[in-house]
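Q: I am new to this structure and would like to learn how to read it step by step. Could we look at it together?

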Amino acid sequence: SPDMRGALAYVRVPPHADESLSLEAQREALAAYATFKGLRLIDTCVDDDVPGGIPLVARPQGTKLVERLRRNDPKGAAVLVTRLELLFS
């Protein structure tokens, strides 16, 4: 629905991640959460096989996520992530 608040999902799959951090597991969890919260999932930014320690803005899809947030009204978009450390570390 057009009235739903939009959300962007960010998925990072570190090298040698266990099954709980698989791309599919994260996508499913974030889509279910968005539905539960009444959010419209606009896009999912996926950085696959990206180790920790690289700043978000230095990751290919992390850069895309930040650029999209800068272009849009910050009140209109939520960022969904399964674990905060995937975003910040």
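Q: What share of the contacts in the chain with a separation of 6 or more comes from residues 24 or more positions apart?
A: This is a predicted model, and in it residues 24 or more positions apart account for 71% of those contacts. Contact here means heavy atoms within 4.5 Å.

Q: In what order do the elements of the chain run from the N terminus on?
A: One begins by counting the elements, and here the chain has three helices and three strands, which follow one another as β-α-β-α-β-α. The radius of gyration is 13 Å, close to the 12 Å that the globule rule gives for 89 residues, so the chain is as compact as a globular protein of that length.

Q: Which strands does β1 pair with, and in what sense?
A: Strand β1 pairs with β2 (residues 39-48) in the parallel sense over nine bridges, and Val13 stands opposite Asp48 in β2. The path from β1 to β2 leads through helix α1 (residues 23-37), and this β-α-β crossover is right-handed. Strand β1 is also joined to β3 (residues 77-80) by four bridges, again in parallel, with Ala9 standing opposite Leu80 in β3.

Q: Why is strand β1 described as largely enclosed by the rest of the structure?
A: Buried means under 20% relative accessible area. Eight of the nine residues of β1 (residues 5-13) are buried, and therefore the strand is largely enclosed by the rest of the structure. For the chain as a whole, buried residues make up 35% of the 89 residues.

Notes
Residues numbered from 1 in each chain as written. Predicted model: local features only at pLDDT ≥ 70, side-chain atom pairs only at ≥ 80, totals over all residues. Heavy atoms only, no water. Buried < 20%, exposed > 50% of the residue type's maximum accessible area, 1.4 Å probe, protein only. Helix = DSSP H or I, 4+ residues; strand = E, 2+ residues; numbered from the N terminus. Pairing = 2+ DSSP bridges. Right-handed = clockwise from strand over helix to strand, strands pointing away. Rg over C-alpha atoms; globule rule 2.2 N^0.38 Å.
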